[in-house]
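Here are some notes to read alongside the model. Have a look at it first, then go through the points.

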Amino acid sequence: MAREQKLYELEEAAEKVILVGIETEQEDAQASLDELEELVHTAGAVALGRLIQKREAPHPSTYLGKGKVEELKEMLGPLGATGVVCDDELSPAQLRHLSDALNTKVMDRTMVILDIFAARAASSEGKIQVELAQLQYRLTRLTGFGVSMSRLGGGIGTRGPGEKKLEADRRYIKERIGELKKDLAEVKTHRELLRSQRQKKGRPVAALVGYTNAGKSTILNGLTQANVLAEDKLFATLDTTTRALVLPEGSQIFLTDTVGFIRKLSHHLVDAFRATLEEASFADLLIHVVDASNPNCRQQMEVVYRTLEDLGCGGKPVITVFNKMDLEVERPLPADVRAEKTVAVCAQEEEGLKKIAAAVEEVLHRFQKTVDLCIPYTEGGKLALLYQQATVLSEEHRADGIYLRVSCGEELRKRFQNYTICE
């Protein structure tokens with residue numbers, strides 16, 4: 001009789017890491033490590049412990065001071081950790097020296113975020129942007145990078161479009177970066193074409209911006225039935241999506257979702273995703289979505305505003321949407337003096353979506369002007385566009401044409417300037 005065989009399902013063991021951070025007068029290390037732990041978890045690893053050192057700045061050679069490096073080394077064995085993750089982007093020297101001192105795999109925050117992006121990139125544009133960011137990051141770390149990463153084989157930092165580039169030479173990587181930049185230039189040209197087409201239609205554009213996992217995609221789906229992936233995860237989606245939205249009074253706008261922001265966002269990521277992030281700079285209105293249930297929401301709001309400043313979006317009108325009000329929320333809510341209007345909602349409820357749409361309509365009206373137009377009867381087809389894109393305050397049929405008083409934005413005023421009676 002044949003012996004019964006048992007089948008065991010083998011799963012790849014999760015990486016076990018220790019989180020390491022530097023606390024300065026400007027940086028709350030615990031809050032930053034809380035976020036890093038969530039990033040590590042999203043990347044498929046487990047955080048077993050933490051080590052924080054108070055310093056004015058990271059050590060230029062080993063990130064941590066000599067004593068803390070020894071303390072960290074002693075933690076690795078008892079905890080069973082297979083690597084460490086530092087909360088800042090490490091220089092090539094820091095990465096190499098710290099790895100040598102600990103004799104274990106060393107990763108930094110940027111490496112973890114790149115790993116998540118590699119796993120989440122779905123569109124061809126997203127994959128191009130992720131690979132470019134990976135290669136730019138790795139190009140400066142070729143010397144010694146392969147040694148430190150080969151200590152434990154795979155895991156964080158070895159996935160995605162660029163995983164084989166660790167073994168490639170500098171020249172090949174530079175050539176590949178050149179190719180990817182050309183591809184991104186084509187993406188930018190395509191985006192500009194789509195943007196110009198939207199502008200020709202005269203509709204205002206509102207861009208959803210905010211910290212990652214604040215609920216931007218949920219709001220886009222709820223208002224426009226866009227069916228974009230929306231999960232309770234960091235960086236659930238990397239792709240920009242634009243959909244038409246009909247406001248309560250009947251006028252239409254374009255609503256655009258953007259990539260979520262995060263603290264200590266590497267310049268590699270900002271540069272690679274600039275074509276996507278620039279969507280916010282061309283919007284007429286920014287809808288700043290805040291996770292009100294996050295205890296660090298105030299700091300997250302500051303991160304968003306700093307990133308918007310870097311992208312040249314500092315002077316745009318802002319509506320701040322405090323989302324997830326159905327969860328436990330600290331009161332009072334943060335005051336946002338930079339916002340034209342603030343609303344507190346649960347984006348998963350219809351009432352919350354109505355509040356957001358009404359707020360958008362109210363703020364857009366503030367930036368619209370009233371003009372008087374005379375449309376000839378032979379061009380009566382233009383009325384549909386006005387009723388769709390503007391707020392028609394009055395309409396009167398006279399012998400020489402249709403007289404209208406409308407409230408509209410600058411783009412539409414330009415399109416109808418030949419029909420303007422007075423402004």
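1. Which residues are linked in a network of salt bridges? They are Glu 35, Asp 87, Asp 88, Arg 109, Arg 263 and Lys 264. A salt bridge here is a side-chain nitrogen of Lys or Arg within 4 Å of a carboxyl oxygen of Asp or Glu. By that rule the count is 20.

2. A word on the ground rules. This is a predicted model, with pLDDT of at least 70 needed for local features and 80 or more for side-chain atom pairs, while totals for chains, interfaces and linings use all residues. Numbering starts from 1 along each chain as its sequence is written, and side-chain values use heavy atoms, leaving out hydrogens and water.

3. Take Glu 15 and Lys 105, whose side chains meet in a salt bridge at 2.9 Å, N to O. Glu 15 sits in the segment before β1 and Lys 105 in strand β4 (residues 105-108), so the pair ties together parts 90 residues apart in sequence. Strands are DSSP runs of E, at least two residues, numbered from the N terminus. Both Glu 15 and Lys 105 are buried, meaning under 20% relative accessible area (1.4 Å probe, protein chains only).

4. Now the largest nonpolar core: it has 57 residues, and Leu 39, Phe 235 and Leu 286 touch the most other members. Such a core is a set of buried Ala, Val, Leu, Ile, Met, Phe, Trp, Tyr and Cys residues joined through side-chain atoms within 4.5 Å. Apart from it lies another core of 27 residues, including Ala 226 and Leu 255.

Conventions:
Buried < 20%, exposed > 50% of the residue type's maximum accessible area, 1.4 Å probe, protein only. Helix = DSSP H or I, 4+ residues; strand = E, 2+ residues; numbered from the N terminus.
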